[in-house]
Each structure stands twice: as C-alpha cells, then as structure tokens.
Number of protein chains: 4
Amino acid sequence: MDATTPVAALKAGIRQFAAVRGWDPYHTPKNLAMALASEVGELCELFRWLTPEESVAASADAKRREAIADELADIANIVFLLSSHTGIDLSDAIAAKMAKNEVKYPTPV
Amino acid sequence: MDATTPVAALKAGIRQFAAVRGWDPYHTPKNLAMALASEVGELCELFRWLTPEESVAASADAKRREAIADELADIANIVFLLSSHTGIDLSDAIAAKMAKNEVKYPTPV
Amino acid sequence: MDATTPVAALKAGIRQFAAVRGWDPYHTPKNLAMALASEVGELCELFRWLTPEESVAASADAKRREAIADELADIANIVFLLSSHTGIDLSDAIAAKMAKNEVKYPTPV
Amino acid sequence: MDATTPVAALKAGIRQFAAVRGWDPYHTPKNLAMALASEVGELCELFRWLTPEESVAASADAKRREAIADELADIANIVFLLSSHTGIDLSDAIAAKMAKNEVKYPTPV
C-alpha cells in the first residue's frame, strides 16, 4: 500500500526483477527514457478517443481500471529504474522541483 | 529521501500543490495521460542525440543531472496525480503487474 | 510512390477512410495529438533496447522493416489528419518552420 | 502547397537541411524515433489542459495556430527523415497499411 511503502522499496523491487533476468545492460538512461515514451503511449491509447469525462468514468469500470493500473505500474517502474540507475533520489528531486514551481506558480492570495 | 518517504506522502504533496492553485478540474485521467506524454517528451529531448553510453555520462554531469532530475520529478508527479485521482494504489498496482510479469518473463534457471 | 504522390492525395485518402467509418467526430486536434503519442510509442517500442547501430540494421531486416513501415504509416496518417482537420497546409507549415530554423541553425561556412 | 508538392520534395528538403549541417550521423532510426517522441510531446503540451472543443477553437486562433503549425512541421520533418534514412517509401507504406486496416476495420454496410 502507498501509505506504508517507501519509494526505495519499489525501486529495489524492480531493480531485483531486472537483475535476475540480466536486463541491467539495457537500462541506460537513453533506453529507459525511450521505454517510458513507449509505455506512456500505451496509456494514451486507453484514453485517446474518450472525452475527459469519459476518462473519469473509465477509471471506475473494473476492466478498464485494471488496464489503466497495469500501464501506470509499467510507467512507475521505469521511473524507478531511471531514478535508481542515475542515482537521482526521487523524493529529493521532487522537493527541489516543487520549490522551483512554488516560484514559477505562486500560490494565489 | 526515498529510503524513508512513503509513496503516499509524495502523492499528498503534489495533490496539495495542485489544489491550492485550483488545478483539480483539469486533472482528468485523459488530460494527465497527455501531460505525461508532454513531460516524457522533454526527458527524451535530453537524450535523443546521445549514444546510450553518453546518456550514462550525462547523468554524472552536474548541469545535465539537474535537468534530468527536474524532468523525472515532473513525470513522477503526474504519475502520482493519476494514481491519486483514479484511486489506483500504485504499490498495489505494481505488485499485481509484477506478478503477471513473473509469468510472462520467467526467471532463468 | 513518394516521387509522384502529392501530400494532398495522402491527406484525402485517410480522410476518406475515416469518413466512411464515421470517425470524424473523434478527430479533434486534442484527440489526434494524443493518438500521435500512442503511435509514436509503438515506434519507440521497436527500438528501445537496440543500440543506434542495431536500429540501422533492423531497418534492413524484412520482418522488422515491415513493422517499422506500419508504424511510420500510422504516424504519417495522423499527421495528415491533423493537417486536414486544422486546415494547416503541411507544405506551407514546413516551409515557414524551415525559414525559422535557417536563422536558428545558420549554415556553417 | 500540399496540392502540388510531392512527398519526395519534402523529404529532399529536410535531408538537404540536415546534410549541410552535418547532422546525418545522428539520424539513426532509434534517435529519430526518440526525437519524434520529443516533438509529439511539444504538440501534446499545446492541448493537454484544453477540452476537445477548445482544441478545435485553438486551431482557429492566429497565435496558437502558428504554434500548432510549427510543431506539425517538426513532426512531419522527422517522419520524412525516418522514411528517407530507412528507404521506406511513405506512400507505399501507407497504401500497404491501409489495405490491412480495410480488413481490420471493414466498411460499415
């Protein structure tokens, strides 16, 4: 569950999965970025002809929900691989980027 | 740090950031999937003309590393928004998908 | 053949294909851009784990060549639909953009 | 104009543009596919928060129309480079793919 799972545990899980299959040599940043484009394309395929409202409804439909969850998992795993292989801590990167975004998009008063 | 940050904390962080700016109505699954394609495109831009080996070296270069970290953060945040708005628990989705992948890609003996 | 086929003929071909199937209402610029992300993802899937050199060799392999050609056709057709539905003449748009790029990337002397 | 411009003329134009700048060695199929993901991401950026209806209106707004035209030109040029470097004739590939699609999506009677 997201409530109790540290990001590092998910990163370790997918690294282990890839390592035992001998996939590490393929997981350069360039290749992983390209794999991300491929997986995001699969997510876009699920929504491309739907209206935004229909895309909300699709997430509540059991069969479509599983397809969305599967694509989301694939995408997240590649994000975790990229974070792990580059040594970029995701939580730190997010904190740093959100500090920039606080300036770029100030809170409305 | 990823070692101690639960996924839920990152999800709550970006939800709060978006909520105070009034962005929630825009964050339908369709729009977020499209935003993901846009952010992944920015990550691909950093690597497109590099060899895989150069993409490894780029991650060690301070200036390029920051650009990669920023894009990775943007992508992760949209993944977290999608997870939060659809109510799909990311850790559970990953566990379910990896169980399928264990069958699809058996561990070599 | 590309040597004798005007761009307009390809645009008319895919418009006709879509029209007889009643697909026009789905072909808004937003949906088509999202479909493009989906199709480009399929092209990226063919190359993601290959080295750049292997991607050159793949184009010469009969089976892989057909897969690449199919994805290229899908992508081109969506570009033509976008051009047609927005009324943006592709040849004119390319000429205008390349004039900008001549300034941005001056010819080396 | 698309009405009179053969596809081959557009392909020759972008090949010439790249050749005089010494870019050919970078234009492997893998790199071009990745560049396509990057450019399609920029197109998606223009539409991600719009409703499908607003995306239609955006194409009629002079300033946004130019931005769309520029992205469309960038995408088309990479498609032409891929076609040219792989020797895959785009018009032939489209004809072959549409013959498959005629079977996959029969004309309603």
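1. Lys11(A) and Asp2(B) form a salt bridge, with 2.7 Å between the closest N and O atoms. Lys11(A) belongs to helix H1 (residues 7–20) of chain A, while Asp2(B) sits in the segment before helix H1 (7–20) of chain B, so this pair joins two chains. Both Lys11(A) and Asp2(B) are buried. Please keep in mind that the model is predicted.

2. A second salt bridge links Lys97(D) to Asp74(C), and here the closest N and O atoms are 2.6 Å apart. This pair also joins two chains, because Lys97(D) lies in helix H5 (residues 90–104) of chain D and Asp74(C) in helix H4 (residues 62–86) of chain C. Lys97(D) is buried, as is Asp74(C).

3. Within chain D, the side chains of Arg15(D) and Asp24(D) meet in a salt bridge at 3.8 Å, N to O. Are these two residues buried or partly exposed? Arg15(D) has a relative accessible area of 25% and is therefore partly exposed. Asp24(D), at 29% relative accessibility, also counts as partly exposed. Elsewhere, Glu39(A), Glu45(C) and Arg48(C) are joined into one network by salt bridges that share partners.

4. How many salt bridges does the whole structure hold? A search over all chains finds 32. Between chain A and chain B the count is ten.

5. The contact between chain A and chain B involves 67 residues from chain A and 67 residues from chain B. The two chains bury about 5600 Å² between them, and 67% of that is on carbon and sulfur atoms. On the chain A side, Asp2(A), Lys30(A) and Leu72(A) lose the most area to chain B, together 13% of what that side buries. Chain A and chain B also have 34 residue pairs in polar contact, counting pairs with both residues at pLDDT 80 or more.

6. Which elements of chain A give two or more residues to the side that touches chain B? They are H1, helix H2 (29–47), helix H3 (52–58), helix H4 (62–86) and helix H5 (90–104) of chain A. H4(A) supplies the largest share of that side, 16 residues. Sorted by class, the side of chain A that touches chain B has 39 nonpolar, 14 polar and 14 charged residues.

Technical notes: Residues are numbered from 1 along each chain as its sequence is written. Chains are lettered from A and ligands numbered from 1 in the order in which they are written. This is a predicted model: local features need pLDDT of at least 70, side-chain atom pairs count only at pLDDT 80 or more; totals for chains, interfaces and linings use all residues. Side-chain values use heavy atoms; hydrogens and water are left out. A salt bridge is a side-chain nitrogen of Lys or Arg within 4 Å of a carboxyl oxygen of Asp or Glu. Helices (H or I, at least four residues) and strands (E, at least two) are DSSP runs, numbered from the N terminus. Buried means under 20% relative accessible area, exposed over 50%, partly exposed in between (1.4 Å probe, protein chains only). Contact means heavy atoms within 4.5 Å. Buried area is the accessible area (1.4 Å probe) that two parts lose on being put together, summed over both. A polar contact is a pair of N or O atoms within 3.5 Å; within protein, one must be able to donate a hydrogen and the other to accept it, and residues adjacent in sequence count only if both atoms are side-chain atoms. Ala, Val, Leu, Ile, Met, Phe, Trp, Tyr, Cys and Pro count as nonpolar, Asp, Glu, Lys and Arg as charged, and the others, Gly among them, as polar.
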